[in-house]
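Let's take a walk through this protein together. Have a look at the model first, then read on.

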Amino acid sequence: MTDFPADSVLVLLEVTPDGALAKTNAGLLGAATGIGSPVALLVAPADSHATLAQGAAALGAGTVLTADADPGALIVPIVDALAAASELVHPVAVLASHSVEGRDAAARFAARTGAAVSVDAVAVERDDEGIVAHHSVFGGAYTTVSAATFAAPVVTVRQGAVDARAEPVATPAVSALQVQASGRPAAAVESFEPLEAASSRPDLRGAAKVVSGGRGLGSADKFALVDQLADALGAAVGASRAAVDAGYIPQSHQVGQTGVSVSPQLYVALGISGAIQHKAGMQTAKTIVAINKDADAPIFDIADFGVVGDVFTVVPQLIAALEAKSK
């Protein structure tokens, strides 16, 4: 088995339901590279290990540990693998995505091993005393830090929050991890019916660009303006809770405290007033552009660029300019 560096960071790679590596793994490995030497843990069916390991190497994983998993079992096999990998690697930190599965696995692993947990981090760094996680809290009103005073911390990283990327690795060191099943009770998926939702747009979670619309759009038909700008930018589509409650768009697109938290490179808010609940889910975006006819809308307090005007006048001109530039 590989000898692991003293500054190893164990990274739990996330695998999507269709058996591919989640896009958020790039940010996790980038974050790990900034604080140590990443060691990726891949828990997936054995016949997919080789392909997924190469995909992980392309994202910067020089060392990959693989563990078999029953695709129908939920979380417990992942936690068993995390425990075995931690015993082997002795990492300075364990990183996981702040997704539903990542949060669940991180919490169970921490409870089993007695480790400290830092959740929903928007950045991680290392100082003279150890690993420090940064958090955007209270609706984005404050930025705080957390650090463990004992053992290696378990950190869940907000999807899309980390810009850093690790250098690709041509030939990763891939090792099969010996995992002793804990036998702990686990839920299992006996059957499922996939929901087909084909779209050329990126997924909202982890998207580099997001265009969101609010109640200011006026109707579900007029909300199509958000789709048009998103397509012109190659962006995902989001919405405020008010737009969702008004029936303009399904709840799965809701950005905010009771929806999805995003940290894209670019966030464009159309007709969104900027209630604290919405700002909580997007305030860590790198560049925020707001278009609203109300000059006193709270969204302008956090916007990097603001346009006071009617979205139905401003946005079509913006789309036309983008299309002209792309020709």
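The largest cavity holds about 40 Å³ of space. Keep in mind that you're looking at a predicted model.

Which residues line the largest cavity? Leu12, Leu13 and Glu14 are among them, and so is Ile78. The rest of the lining is made up of Ala96, Ser97, Ser99, Glu101 and Gly102.

## Two domains

Now zoom out to the chain as a whole. The protein chain splits into domain 1, covering 8-176, and domain 2, covering 209-326. Going by C-alpha atoms, the centres of domain 1 and domain 2 are 31 Å apart.

## Where the domains meet

How many residues of each domain are in contact with the other? On the domain 1 side there are 10, and they touch nine residues of domain 2. Between them, domain 1 and domain 2 bury an area of about 730 Å². Carbon and sulfur atoms give 42% of that buried area.

## Links across the interface

Let's check what bridges the gap. There is one salt bridge across the interface of domain 1 and domain 2. Asp163 pairs up with Lys286 in a salt bridge, and their closest N and O atoms sit 3.6 Å apart. You'll also find three residue pairs in polar contact across the interface of domain 1 and domain 2. As for the side of domain 1 that touches domain 2, sorting its residues by class gives three nonpolar, five polar and two charged.

Definitions and conventions
Residues numbered from 1 in each chain as written. Predicted model: local features only at pLDDT ≥ 70, side-chain atom pairs only at ≥ 80, totals over all residues. Heavy atoms only, no water. Domains from an automatic or database assignment. Contact = heavy atoms within 4.5 Å. Buried area = accessible area lost by both parts, 1.4 Å probe. Salt bridge = Lys/Arg side-chain N within 4 Å of Asp/Glu carboxyl O. Polar contact = N/O pair within 3.5 Å; in protein donor to acceptor, adjacent residues only side chain to side chain. Nonpolar A, V, L, I, M, F, W, Y, C, P; charged D, E, K, R; others polar. 1 Å grid on protein atoms, 1.4 Å probe; cavity = no way out; pocket = protein on both sides within 12 Å on 5 of 7 lines; lining within 4 Å. Points joined across faces, edges and corners; volume = space filled by probe spheres on them.
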